[in-house]
Amino acid sequence: MENESAISALGALAQGTRLDVFRLLVRHEPDGLAAGEIARQLDVPQNTMSAHLGILARAGLVRSERQSRSIIYRADLDGLRALTLFLVKDCCAGNAALCAPLIAELAPCC
């Protein structure tokens, strides 16, 4: 991942509603949610939600798929993985023991 891609992703997540959307979609992996359902659960107008989803998609954090009359949104876990690896790649100057607590805390979710 390049700096510009990381900045785009972090910028997209730096807004409260978009962070809530992304976290909601991560919780609903792998099925995803329809755009209207996301708007309903977060109590956000649908047109506003559409703008937020577009920003997250352009940042590489969500992907969409049309299913009949609905558009289903999913968290792009590959994008999340790339961003996370970009942020921690040089963690602790290569001293793996210092990163062990972070890895241990992430392990139960996987």
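**Contacts, sheet, backbone and pocket**

Analyst: A35 touches M49, L53, I71 and Y73, leaving aside residues up to four places away in sequence. The model is a predicted one.

User: In which helix does A35 lie, and is A35 buried, partly exposed or exposed?

Analyst: A35 belongs to helix α3. Its relative accessible area is 26%. Buried needs under 20% and exposed needs over 50%. A35 is therefore partly exposed.

User: How far apart are the C-alpha atoms of A35 and M49?

Analyst: M49 is one of the residues that A35 touches. The two are 14 residues apart along the chain. Their C-alpha atoms are separated by 7.4 Å.

User: What separates the C-alpha atoms of V21 and I7?

Analyst: V21 sits in helix α2. V21 and I7 are also 14 residues apart along the chain. The separation of their C-alpha atoms is 18 Å.

User: Is V21 buried or exposed, and which residues does V21 touch?

Analyst: The relative accessible area of V21 is 0%. The cut-off for buried is under 20%, so V21 counts as buried. Not counting residues up to four places away in sequence, V21 touches I38, L42, M49, L53 and L56.

User: Turn to the sheet. In what order do the strands lie?

Analyst: Strands of a sheet pair through backbone hydrogen bonds, either parallel or antiparallel. Here 3 strands make an open sheet, and the pairing is antiparallel. The edge strands, each pairing on one side only, are β1 and β2. The order is β1-β3-β2.

User: How many bridges join β1 to β3, and which residues are the partners of L33 and A34?

Analyst: β1 covers residues 33-34 and β3 covers residues 70-75. These two strands run antiparallel, with 2 bridges between them. L33 has Y73 as its bridge partner in β3. For A34, the partner in β3 is I72.

User: How many bridges pair β2 with β3?

Analyst: β2 spans residues 62-67. One of its residues, R66, has I71 as bridge partner in β3. Q67 stands opposite S70 in β3. The antiparallel pairing of β2 and β3 runs over 6 bridges.

User: Which residue in the hairpin of β2 and β3 takes a positive phi?

Analyst: Most residues other than glycine have a negative phi, and most peptide bonds are trans. The hairpin has 2 residues between its strands. The residue with a phi near 60 degrees is S68.

User: Is S68 buried or exposed?

Analyst: S68 lies in the loop between β2 and β3. Its relative accessible area is 67%. Exposed means over 50%, so S68 is exposed.

User: What is the phi of D43, and what is the relative accessible area of D43?

Analyst: D43 is found in the loop between α3 (35-42) and α4 (46-58). D43 is not a glycine, yet its phi is positive, at about 55 degrees. D43 is exposed, with a relative accessible area of 71%.

User: Which residues does the cis peptide bond join?

Analyst: The bond has an omega of about 5 degrees. One of its residues, P30, is placed in the loop between α2 and β1. The cis bond joins E29 and P30.

User: How much space lies in the second largest pocket, and which residues line it?

Analyst: The space in the second largest pocket is about 180 Å³. Its lining divides into 7 nonpolar, no polar and 2 charged residues. The lining residues are L10, L13, L19, F22, R23, V26, R27, L80 and L83.

User: Which helix supplies the largest share of the lining of the second largest pocket?

Analyst: α1 (3-13), α2 (16-27) and α5 (77-88) each supply at least two residues of this lining. The largest share is 5 residues. That share comes from α2.

User: Which feature does UniProt place at residues 1-95?

Analyst: The span is 59% helix and 15% strand. Its end C-alpha atoms lie 22 Å apart. The UniProt entry is unreviewed, and the feature it places at residues 1-95 is "domain: HTH arsR-type".

Definitions and conventions:
Residues numbered from 1 in each chain as written. Predicted model: local features only at pLDDT ≥ 70, side-chain atom pairs only at ≥ 80, totals over all residues. Heavy atoms only, no water. 1 Å grid on protein atoms, 1.4 Å probe; cavity = no way out; pocket = protein on both sides within 12 Å on 5 of 7 lines; lining within 4 Å. Points joined across faces, edges and corners; volume = space filled by probe spheres on them. Helix = DSSP H or I, 4+ residues; strand = E, 2+ residues; numbered from the N terminus. Nonpolar A, V, L, I, M, F, W, Y, C, P; charged D, E, K, R; others polar. UniProt positions renumbered as here; feature names shortened; annotations may be inferred. Pairing = 2+ DSSP bridges. Buried < 20%, exposed > 50% of the residue type's maximum accessible area, 1.4 Å probe, protein only. Contact = heavy atoms within 4.5 Å.
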